[in-house]
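Here's a quick tour for anyone meeting this structure for the first time. Have a look at the picture, then read on.

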Amino acid sequence: MSTTGATADPLAALGSLPGVAESVESVRKAVDRVYGHRIMRRRSNAITSEAALRGARGSAALSGADWALEEVRRRTDFSGDAEARVLGAALQLTAEASQLLSIWRQSPLRVLARLHLVAAAGREDAVGRPRQAGEPVDEPLIERELPGAAEVSGRLEGLAELIIAGSSAPALVTAAVVHGELLALRPFVSHNGLVARAAERIVLVGSGLDPKSVCPAEVGHAELGRAAYLAALDGYVSGTPDGMAAWINHCAKAVELGARESTAVCEALQRGAA
């Protein structure tokens, strides 16, 4: 996303794109339904824990490790093959994200570096920093042309400036832009998808839209499918008003589906079935 232009608040300007205002309102209603559920008043910690597990599973699925929820719940060792490590990284990122909320608005680049450090878990030399010129990127599920290191550096700085300056944009819009920009740039040598979705979670929670982290957008992104995810990303990368709107509206649908998932968990707990 270009951060230059006539408007002083480019994120807020995105709120007027086709369908975005309607998506923002629809997301708000979906989130309110979860928070208004009687089970949330008594067992919110259980819902938060379950949402974290399901969100991590969804994020890992989009990165090629599509495991059944019960297998994720049962497994304690994720140090085995590549898929297991992806699942383990997703779980660790979900846990780490909650510890970084207070830092995000002051130092988003520091948070992103920390997320990558956690995801990579010391398995590579180039961890916890943006990639440098000539360094390859291991992100096989996103096959778009890779921006150069200089472009990555400039756009990351621009994104950080927007976050630090603050915006009147709805949290959904900011979260979608952070997510899309990180996927488009792939600023790290690996685990960019996992990091991007963790950053989206941080924005949604830290903004107050989903303060208890019970509406896992990762669940919705996985449910909508990888093909739809990548098609929507193409819209973001295009930079056109329609393309940007398509990406933001896609992210909105993902949050709605995450909210629906937690509503179903609430209903199951209410019935005594979970």
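## Salt bridges

R155 and E151 join their side chains in a salt bridge, 2.8 Å from N to O; the term stands for a side-chain nitrogen of Lys or Arg within 4 Å of a carboxyl oxygen of Asp or Glu. Both sit in helix 8 (residues 149-165), 4 residues apart, about one turn of the helix. Helices here are DSSP runs (H or I, at least four residues), numbered from the N terminus. R155 is partly exposed at 22% relative accessibility, and E151 is partly exposed at 39%. On this scale, buried means under 20% relative accessible area, exposed over 50%, and partly exposed in between (1.4 Å probe, protein chains only).

The count comes to 15 salt bridges. Another one pairs R54 with E50, with the closest N and O atoms 2.7 Å apart, and E50 is buried at 14%. These two also belong to a salt-bridge network with E70, R73 and E261.

## About the model

This is a predicted model, where local features need pLDDT of at least 70 and side-chain atom pairs count only at pLDDT 80 or more, while totals for chains, interfaces and linings use all residues. Residues are numbered from 1 along each chain as its sequence is written, and side-chain values use heavy atoms, leaving out hydrogens and water.

Conventions: Helix = DSSP H or I, 4+ residues; strand = E, 2+ residues; numbered from the N terminus.
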